[in-house]
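Biologist: Please put the model on the screen, and I will ask about its contacts one by one.

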Amino acid sequence: MSAIADSTDGPIEVIKVLFALYPDYGTLDVAGPLEALSRALHDPKDKSSKAFECQFVGPSAAMTSTHGLTIKADMDYEDANDEIEDFDVIIVPGGEGVFDVLKNKTEPLNLLKNYVQLQEKNPAKERTVLAISTGALIPAQLGMLEGLAATTHPDYYTRLETICQEASTRDLSMRTDVMEERYVVNNARFDLGENPDDNPYIVRKQPAGANTQHARRKSIARKGSNAWRESRRRESIARRASMPLGGMRILTTGGVTAGLDASLYLVGSLVSHESALEVARVMQYTWVKGVTVDAIDV
């Protein structure tokens, strides 16, 4: 069970999610995850046991997607940065507006930077960043993907590789392994077992210092991320603090529908696997699983 969801001392805590919007975001990058997370329940027999509370932040009062969907922002970025400790998950959609964000160095770049700093200072809390489709280019520009694995929309694999290479100039050994997957999870939390190489849910990255300039990896058979279901979660704050980004869970996805798959992973990891399967059933959606890279039992 999730560290968030398995409390027995009182009401189950609602998992707070912030969608980081900007002009010309991708419609399904927001609507898909919003649908999946809003349907998730801690108790499938209790419709009042909503697992997630979703809010929207934007640089103006309302944000319009590339396809014309307008969403009212619950707060501006100044307020979001002030309240950043409240959020368990930040979701960064892709969309045509990503490239203006990168060019002009506008939000949500600063929000993500502050979120990472918060995690590094206080690794006791389980925090997650989910970057969907071309939204992965935003954490890439910040250097958040150094030494990790990642994916993005297939049309932008090369762009992601280039941005990651430029961001890694601070440490040439800390390359990013770009993978051709539905979603890629870094810093996951479940028991690896006695021999991680035998765990069917884990993908090992290349040895440290390996030349990963052309390291894009095609889809492989070792899928899923459900080993945590049978494990005893051994929380170790010190160990988490030693991980990249203070142990923050980092998810990136492929094309726009992959945001649904990654959102189901979040339901599975933060609520329960059963809840994720129920959400997929109700939505009549076939959950295509991605991979988990170099997970650790913290």
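What follows is a set of questions and answers on this structure.

Modeller: This is a predicted model, in which local features need pLDDT of at least 70 and side-chain atom pairs count only at pLDDT 80 or more, while totals for chains, interfaces and linings use all residues. Residues are numbered from 1 along each chain as its sequence is written, and side-chain values use heavy atoms, with hydrogens and water left out.

Biologist: How many helices and strands does the secondary structure of the chain come to?

Modeller: Helices (H or I, at least four residues) and strands (E, at least two) are taken as DSSP runs, numbered from the N terminus. On that basis the chain comes to nine helices and 12 strands.

Biologist: What percentage of the 298 residues of the chain count as buried?

Modeller: Buried means under 20% relative accessible area, exposed over 50%, and partly exposed in between, with a 1.4 Å probe and protein chains only. Of the 298 residues, the share that counts as buried is 53%.

Biologist: Of the contacts in the chain with a separation of 6 or more, what percentage is due to residues 24 or more positions apart?

Modeller: A contact means heavy atoms within 4.5 Å. For residues 24 or more positions apart, the share of the contacts with a separation of 6 or more is 76%.

Biologist: Which elements do the buried residues of α6 pack against?

Modeller: Helix α6 covers residues 157-167, and its buried residues are Tyr-157, Leu-160, Glu-161, Ile-163, Cys-164 and Ala-167. The elements that these buried residues pack against are α3 (98-104), α5 (137-141), β7 (149-150) and β8 (177-178).

Biologist: What distance separates the C-alpha atoms of Ala-136 and Leu-160?

Modeller: Ala-136 lies in the loop between β6 and α5 and is buried, at 0% relative accessibility. Not counting residues up to four places away in sequence, Ala-136 touches Ala-131, Leu-145, Thr-151, Thr-152, Leu-160 and Thr-252. Ala-136 and Leu-160 are 24 residues apart along the chain, and their C-alpha atoms are separated by 7.6 Å.

Biologist: Arg-249 meets which side chain in a salt bridge?

Modeller: A salt bridge is a side-chain nitrogen of Lys or Arg within 4 Å of a carboxyl oxygen of Asp or Glu, and a search of the whole structure finds five. Arg-249 is buried, with a relative accessible area of 1%, and its N to O distance in the salt bridge with Glu-126 is 2.6 Å. The pair links distant parts of the chain, 123 residues apart: Arg-249 is in strand β11 (residues 249-253), and the loop between α4 (109-121) and β6 (128-131) holds Glu-126.

Biologist: Is Asp-261 buried or exposed?

Modeller: Asp-261 forms a salt bridge with Arg-182, with the closest N and O atoms 2.6 Å apart. The two are 79 residues apart, with Arg-182 in the loop between β8 and β9 (183-186) and Asp-261 in helix α8 (residues 258-270). Arg-182 counts as partly exposed at 25% relative accessibility. Asp-261 has a relative accessible area of 0%, so this residue is buried.

Biologist: In which helix do Glu-278 and Arg-281 both lie?

Modeller: Glu-278 and Arg-281 form a salt bridge, the closest N and O atoms being 2.8 Å apart. Glu-278 is partly exposed at 32%, whereas Arg-281 is exposed at 54%. They are three residues apart, about one turn of the helix, and both lie in α9 (residues 273-282).

Biologist: Which backbone oxygen does the side chain of Asn-186 reach?

Modeller: Asn-186 is in strand β9 and counts as buried, at 2% relative accessibility. Leaving aside neighbours within four places in sequence, Asn-186 is in contact with residues including Met-248, Arg-249 and Val-293. At 2.7 Å, the side chain of Asn-186 reaches the backbone oxygen of Ala-149.

Biologist: At what angle do α8 and α9 pack?

Modeller: Axes are lines fitted to C-alpha atoms, for helices over the stretch in contact, and angles run from 0 to 180 degrees between N-to-C directions. The axes of α8 and α9 are 6 Å apart, and the packing angle is about 145°.

Biologist: Which residues of α8 and α9 make the contact?

Modeller: From α8 come Leu-264, Val-267 and Gly-268, and from α9 come His-273, Ser-275, Ala-276, Val-279 and Ala-280.

Notes
A polar contact is a pair of N or O atoms within 3.5 Å; within protein, one must be able to donate a hydrogen and the other to accept it, and residues adjacent in sequence count only if both atoms are side-chain atoms.
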